[in-house]
2 protein chains.
Amino acid sequence: MKQLTRARITAVDAYDVRFPTSRRLDGSDAMHPDPDYSAAYVTIRTDAPDGLEGHGFCFTIGRGNEVAVAAIDALRPHLTGAELDGTLTGLADHYRALTGDSQLRWLGPDKGVTHMAIGAVLNALWDLHAKRAGKPLWKLLADLTPEELVALTDFRYLADALTPDEALLILRRAEPGKAEREARLRAEGYPAYAASPGWLGYSDAHLASAARRAVADGFTQIKLKVGADLEDDIRRCRIAREAVGPDIRIALDANQRWELGEAVEWTRALAGFDPYWIEEPTSPDEILGLAAIRRAVAPVKVAAGEHTANRVVFKQLLQAQALDILQLDACRVAGIPEHLAILLLAAQFGVPVCPHAGGVGLCELVRHLAMFDYVAVSGTLEDRTVEYVDHLHEHFTDPAVIARGRYTAPSVPGFSSTLRPASLHAYSYPNGAVWLAERAQGVA
Amino acid sequence: MKQLTRARITAVDAYDVRFPTSRRLDGSDAMHPDPDYSAAYVTIRTDAPDGLEGHGFCFTIGRGNEVAVAAIDALRPHLTGAELDGTLTGLADHYRALTGDSQLRWLGPDKGVTHMAIGAVLNALWDLHAKRAGKPLWKLLADLTPEELVALTDFRYLADALTPDEALLILRRAEPGKAEREARLRAEGYPAYAASPGWLGYSDAHLASAARRAVADGFTQIKLKVGADLEDDIRRCRIAREAVGPDIRIALDANQRWELGEAVEWTRALAGFDPYWIEEPTSPDEILGLAAIRRAVAPVKVAAGEHTANRVVFKQLLQAQALDILQLDACRVAGIPEHLAILLLAAQFGVPVCPHAGGVGLCELVRHLAMFDYVAVSGTLEDRTVEYVDHLHEHFTDPAVIARGRYTAPSVPGFSSTLRPASLHAYSYPNGAVWLAERAQGVA
């Protein structure tokens, strides 16, 4: 790997950026009726003559985005003035400094907005590293050796499920065929599914037409939000199934709405529409309960993970056989070292990873992780698919691109986490031009 | 119950208050070598002519306290201008508004600093309610009917372990003997144990003399921090056991330091010193792992809970038989409605609650919860004890009082969560007089 020059971090800035998505009920579900998709956005600058910046963000849904900004600010002393020596070892050291702060960890540990802030900063550091190395992040990771990847992985509290030696075996097992898979990925892309048709706030007519359009666009799976009202859900499932026909997978997403018994009954009541998975049927802190739901609703699969706090909870979800589908989120855990742990755990337990996306910027980021997983960890696309939602991509300099229902492999160096400067400016909260206009119209 | 007049909330202010405890290694353990005990402190004022204020706080250990302040600030719009109708129903409505904010919940849900901030604000609301009712909080709660308590409890996601009807049975079972237990509590106090002797940063001589002094002061249990170095721990356990003799319980606290196998081996290596419990042997997110440790280290008991994020995790810890001792924390979960859920869960599973205290203000608050539990929920003191640490009490207007190793029952109206104005002023961070002096001395 090309040796990068040293650079010193000169600035770590955090911005409160919000998109007024609640105006159109984009993103509405049973627990989050009116999200304003938002990012607590980090910019890392260095003294290197290349002028490159690293970018990352916490994804939030509006109120509280300023708390995420404060959490990023709290990490600044660890970074400003710190040296990026251009090595992976150096990046691992930064991970340990951020996650190991003996006072800050009290606010989690390993969970909530302080953990998400660590994820934002680490994603920015890796974005910068990949930009400096001249590679898209998925490719940078896929080119590392098994030993390098294991050295970067956070194994803390995982010893009873995954040791570094076991991780090495997984990665070595995936080495044959890497080049072939990479070529296939570049040629064909990575499977996606369409979550846009099924927001709870959309009308029946909009649902039907959006579902048909998704199939016409080449998607083989769509997703519906459920959980607010059973009669509505039965009607909407019927509309969706009639729109897409019998061969398209329909996933359901309850967004944590139910108690255990309720989850089982409700899912069974919708089973006639042949749902592929039920997502987040109950609290994201449930391990035992999710396992019980899974046993009760089979053959409907259970999917969860977008609100799973960290690798320790994922480990237990896998140990308890609570998951059929692991839904990695790019912005909830502590960056690449924890993503590596989660991908390796999933491989160890043979559970497919189908990342959570949507929101703002999640599609951009998570495709890198799924593609790396395919090339270098799981080695397969079987039952793998990444969520896709078709909005807000225009604000990114390297937006997600979908062709025939598949994510195109990114080719631009970095983690695709860079907002366009004009968007950063216009959507700044509360005083960007968009928000000033919203308030002038009396709607915000 | 006395009917309170209506009042409107006129101000919700949050303060960053820090105590430079790291200067003396008070509070040092294997994961937190240099805490500065801190509070993100809330003051709630109303337009009522009584002039009473409600106080609550997030407890933190220094850096990041400003993030907790930001999280409290994010809750302000739910409270400023809101009416306190003087009823319990009104308090329950405020709970639902704070925990149910559909945008803020993305930052948790139910965990991390945003959840702690909700706890701080709710504790302040209950402090105010108890002050207005003229009762210490433990007594106010103990005087409620089973139906009133159940109506206040957050049962969400608990249906598979505890229903409202089951909670009613528990509370009704405890009704006989309430007056007698209350009288006994006022006469004899509530058992405490001494955690001060065992901080990791203290010298052997200090440990020995502090352990002997704890016994002389009437404590029947002390606690030692362990987990950094096994040889040190063996030496310190020997010193402590020799100092206190065979009849005093010695609890050990690893503060999340170990992997599973390590926890079992280390605890067994110390078993010869007859430890009563091993506390937080591994990640606070472990449910399955903690259950495995418990099975392996018996008859040494397993204690945990101070970092347990919420009632859903407590429920699973109990369902998995992972706990011998449930260590409720007064400031990590969402106030009285969630405390009630946790106390009722513990009673349902027959597990004793021995609250976490220490830090700043935790002793003041948690005694109320333990005393209420004794009078109205568990009905017993058997194997119950509340942690006690003998510092920072002087900063509170109604400080914890210990007599013969037992907490005296508070008699002042409220939740004992009020800082003295002079302390609030002097320890404000970064510009209170104490911090200005610290910086002038070049140590902060």
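Is Lys223(B) buried or exposed? Lys223(B) is buried, with a relative accessible area of 1%. The legends below take you through this predicted model, one close-up at a time.

**Figure 1. Lys223(B) and Glu279(B) pair up in a salt bridge.** The N and O atoms of these two side chains come to 2.8 Å. The partners belong to distant parts of the chain, 56 residues apart: Lys223(B) lies in strand β6 (residues 221-225) of chain B, and Glu279(B) in strand β8 of chain B. Side chains of opposite charge can pair when their charged atoms come close.

**Figure 2. Glu83(B) meets Arg6(B) in another salt bridge.** Here the N to O distance is 2.5 Å. Glu83(B) sits in strand β4 (residues 83-84) of chain B, while Arg6(B) belongs to the segment before β1 (7-18) of chain B, and 77 residues separate them. Glu83(B) is partly exposed, with a relative accessible area of 33%, and Arg6(B) counts as exposed at 55%.

**Figure 3. Asp50(A) reaches Arg132(A) through a salt bridge.** The closest N and O atoms are 3.1 Å apart. This pair also links distant parts of the chain: Asp50(A) is in the loop between β2 (38-46) and β3 of chain A, and Arg132(A) is in helix α3 of chain A, 82 residues apart. Asp50(A) counts as partly exposed at 36% relative accessibility, whereas Arg132(A), at 9%, counts as buried. Across all chains, the structure holds 66 salt bridges.

**Figure 4. Arg311(A) is a buried residue of helix α12 of chain A.** Why does Arg311(A) count as buried? Its relative accessibility is 2%, and buried means under 20%. Take a look at its neighbours: leaving out residues up to four places away in sequence, Arg311(A) touches several residues, including Asp110(A), Asp154(A), Tyr157(A) and Glu338(A).

**Figure 5. Helix α10 (residues 260-269) of chain B has a buried set of residues.** Leu260(B), Ala263(B), Val264(B), Trp266(B) and Thr267(B) are buried. What do the buried residues of α10(B) pack against? Their packing partners are α9 (230-244), β8 (275-279) and α11 (288-297) of chain B.

**Figure 6. Chain A and chain B are superposed by a rotation of 180°.** There is 0.0 Å of shift along the axis, and the RMSD is 0.0 Å. The two copies are thus related as by a two-fold rotation axis. Among the residues of chain A, Gly112(A) comes closest to that axis, with its C-alpha at 2.1 Å. Both copies use the same surface, as 100% of the contact residues of chain A recur in chain B.

**Figure 7. Chain A and chain B bury about 5200 Å² between them.** Of this area, 55% is on carbon and sulfur atoms. On the side of chain A, Arg63(A), Gln103(A) and Trp106(A) lose the most area to chain B, together 18% of what that side buries. The contact involves 63 residues of chain A and 63 residues of chain B.

**Figure 8. Lys315(A) and Glu286(B) form a salt bridge between the chains.** Their closest N and O atoms are 2.3 Å apart. The count between chain A and chain B is six salt bridges. Elements that give two or more residues to the side of chain A touching chain B include β3 (53-60), α1 (65-79) and α3 (112-133) of chain A. By type, the residues of that side divide into 28 nonpolar, 18 polar and 17 charged.

How values were computed:
Residues numbered from 1 in each chain as written. Chains lettered and ligands numbered in written order. Predicted model: local features only at pLDDT ≥ 70, side-chain atom pairs only at ≥ 80, totals over all residues. Heavy atoms only, no water. Least-squares fit on C-alpha atoms with pLDDT ≥ 70 in both. Contact = heavy atoms within 4.5 Å. Buried area = accessible area lost by both parts, 1.4 Å probe. Salt bridge = Lys/Arg side-chain N within 4 Å of Asp/Glu carboxyl O. Helix = DSSP H or I, 4+ residues; strand = E, 2+ residues; numbered from the N terminus. Nonpolar A, V, L, I, M, F, W, Y, C, P; charged D, E, K, R; others polar. Buried < 20%, exposed > 50% of the residue type's maximum accessible area, 1.4 Å probe, protein only.
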